[in-house]
Amino acid sequence: MDVSQKICLLLNDFTPERLNHFITNIDPTLCEAELQDSINKPVSRMTYQRWINDGTEGKHSFFRLSRVQDYLSEDIQEKDKIVQSVHELLTDYFPYINSRYSRKTTTHLIATQYDRLIKSTMTSNENEYEAIENMGTEALPYYKERLLPEFLDLHIQSVKNFVGEAAYQTIKSKLLKVRNPDTGQEFFYPTIDLMANSQNISLSKNLVYIESQEPPESFLNAVKKNKPGIFNAATFALRSFSQESGELECSVSNYFKALYYCDKHFYSILGGYPGLESPKINDYINNPNLKLWAQQISKLVVDNDFTKGEYSLGSACLFIYNTQKGYQALLAKMAPKANSFNETHVIPASMFQPVLNNPFEYESELNFKDQVIREVAEEIFGYPELTGSHSKNYLTEIYAYPEVAHLERLFKSRMAEFHVTGLCLDLYRLRPEILSTIIVHDVDWANEQFPSFKKIGNWETIDNGIVPITLDEDTFYKVCSSTRLDPLCAPGIASFVHGYRKFKEVMATRANDGI
């Protein structure tokens, strides 16, 4: 149950007059000191409508009472705890702060109201999921306006409206930005840099297991109508990370939960965005879905708190290799049946996930390089996806593939390099992504591994959708401005930009070393 539903449940039986009478007769001396001068501010009928009908958490001091804040916090989520908390507020705390208020109620009655509210919400959600079925329609305003600076500004401004100026400034300052020094043009992207010092990123071997509900079937069925290729599997979710040490702690989740708890926000934006000139734009920027999205961003970026949800990690790697004509990088045009929407991505890109058949050994798969190499084998060289592997065979099998074995020899001889380049958050999807790059210096590698007759890529890319691009300044800024290609998705542009910056750093070092 989200905050808006909790508000509706708590104030369910209040009329405008009764609510105003209750607020204006609260004894200020029984409230927190900082609220005593403002707690009795009258509540207008319009405010009542926002609180009761929409479940909108207002700026009134009532919502700053510590007991009310405790109830609205994400720490209280189970039905029994919510019902008990409402009962204590109505029968104990409210009469305490307002001696004129008395109400007889029971936990059974509150539980019944809870069930009705949840049922009503589920019906509403089913209607919402109907819109998801049409997300692939290219006529949607999202596809026409997603690259406009005004589109990004609109959503960033909604963060200010819902969570305040300070959070807005923090989030805006962390947006990925690229400036073309020749033209002065600046590009901002819907991806947030979570870590400033990518050199220190590491993985804790302390893997957390948590219990949570599975997504509604109606939601998954709606997604599958657009993306029939998706399937469920275990994932690693970001549980916490330290800005000081750069250590990431993960929990075990699954892909369908990632869609529901992360990607669902993006689906709401994609399907609900009416267009900048639409008369419905004001309704859109004030809707509960966008408010929840803004609150979640603030919690993740400003508070660095990933403990209240399951934020499955993605992995995006910029693959760079040398040729007789200079260095190139691989980009991929994503297939509609993959979880993508008319976008280009770096390749390999995947969920950061375990594939062993033994959950007790998932910790052994917490390795940046091994995860990326597995996807190199699948997405570039077309090997089948590994699922249910035995722990003794897992790495042996991957590194035995001839192309991977060759690449590993290059790593050992320093003719290839692997670097973790950052940790970002997809602004709309709220999915954290580990960014990396592979740089192959061997000038003969591409001719040996990509003969003219060999097809590269898998089902997640369109036919002939792997695009090799020359890696120079001119092409870099063309890609950044979405010239001649579908736009790179959020983790794709983050991986491309940070990967290119690492590439320039590596090449400068090699030049200084005379290599």
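## Strand β5 and its neighbours

Two bridges tie β5 to strand β7 (residues 311–312), and the two run antiparallel. Strands here are DSSP runs of E with at least two residues, helices are runs of H or I with at least four, and both are numbered from the N terminus. Two strands count as paired if DSSP finds at least two bridges between them. In β7, S312 is the bridge partner of A237.

β5 also pairs with strand β6 (residues 247–254), again in the antiparallel sense, over seven bridges. Here F241 sits opposite L248 in β6. The hairpin of β5 and β6 has five residues between the strands, and G246 in this hairpin takes a positive phi near 75°.

## How covered is β5?

Seven of the eight residues of β5 (residues 234–241) are buried, so the strand is largely enclosed by the rest of the structure. Buried means under 20% relative accessible area, with a 1.4 Å probe and protein chains only.

## The whole protein

This is a predicted model: local features need pLDDT of at least 70, side-chain atom pairs count only at pLDDT 80 or more, and totals for chains, interfaces and linings use all residues. Residues are numbered from 1 along each chain as its sequence is written, and side-chain values use heavy atoms, with hydrogens and water left out.

Zooming out, the protein has 19 helices and 14 strands. Of its 515 residues, 54% count as buried. As for contacts (heavy atoms within 4.5 Å), residues 24 or more positions apart make up 73% of those with a separation of 6 or more.

Definitions and conventions. Buried means under 20% relative accessible area, exposed over 50%, partly exposed in between (1.4 Å probe, protein chains only).
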